[in-house]
Structures are given as C-alpha cells and as structure tokens.
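Have the model open beside you as you read.

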Amino acid sequence: MPMNELELAESVRTAYLRTLATAYEDAGLQGLCEEGRWEAAVGAVRSIDPQELRRAVSAERDSA
C-alpha cells in the first residue's frame, strides 16, 4: 500500500527525531557537555544518508 504525503512526512520526521534523540543520549553517555551533546545530535541528523532514510521509512511503513 503506497504512503500518502502526510504519512511519508510523519515517517521522515520520526526517523530524524529518533536519530537526534539517540545521538544526544549517546553523547551524554560519552560525557559530553550540553553543548557538545547538541552538536553531536545535529551532526548525526546532518549525516543521515538519504538511502538509509528511505530504508527506515520503508521499514516503518511495512511494520504498520
């Protein structure tokens, strides 16, 4: 079943937020300060591979 535009946008947003939260928490476990945690999280979002994002969105769609 193809995704409509709203479902696609929600899936992309979810993937970005998941990446941001995971990177932020990982940076905290590594002992980074608040600013360092934020920079690491933003860097992780910036480095998302479009192909990996496509796979994540497809996996989320398939599990729904």
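The buried residues of α1 pack against α2 and α3 (50-63). Those buried residues are Ser 11, Ala 15, Ala 23, Tyr 24 and Ala 27, where buried means under 20% relative accessible area with a 1.4 Å probe and protein chains only. Helices here are DSSP runs of H or I with at least four residues, numbered from the N terminus.

This is a predicted model, in which local features need pLDDT of at least 70, side-chain atom pairs count only at pLDDT 80 or more, and totals for chains, interfaces and linings use all residues. Residues are numbered from 1 along each chain as its sequence is written, and side-chain values use heavy atoms, leaving out hydrogens and water.

Now to the pairing of α1 (residues 5-29) with α2 (residues 34-46): they pack at an angle of about 145 degrees, with axes 8 Å apart. Axes are lines fitted to C-alpha atoms over the stretch in contact, and angles run from 0 to 180 degrees between N-to-C directions. Contact means heavy atoms within 4.5 Å.

Arg 37 sits in helix α2 and counts as buried because its relative accessibility is 16%. Leaving aside neighbours within four places in sequence, Arg 37 touches Tyr 24, Glu 25, Ala 27, Gly 28 and Leu 32.

Two polar contacts (N or O pairs within 3.5 Å, one able to donate a hydrogen and the other to accept it; residues adjacent in sequence count only if both atoms are side-chain atoms) are set out below.

| Side-chain atom | Backbone atom | Distance |
|---|---|---|
| Arg 37, polar atom | Tyr 24, oxygen | 3.1 Å |
| Asn 4, oxygen | Leu 6, nitrogen | within 2.9 Å |

The Asn 4 contact lies at the start of α1.

Technical notes:
Helices (H or I, at least four residues) and strands (E, at least two) are DSSP runs, numbered from the N terminus. Buried means under 20% relative accessible area, exposed over 50%, partly exposed in between (1.4 Å probe, protein chains only).
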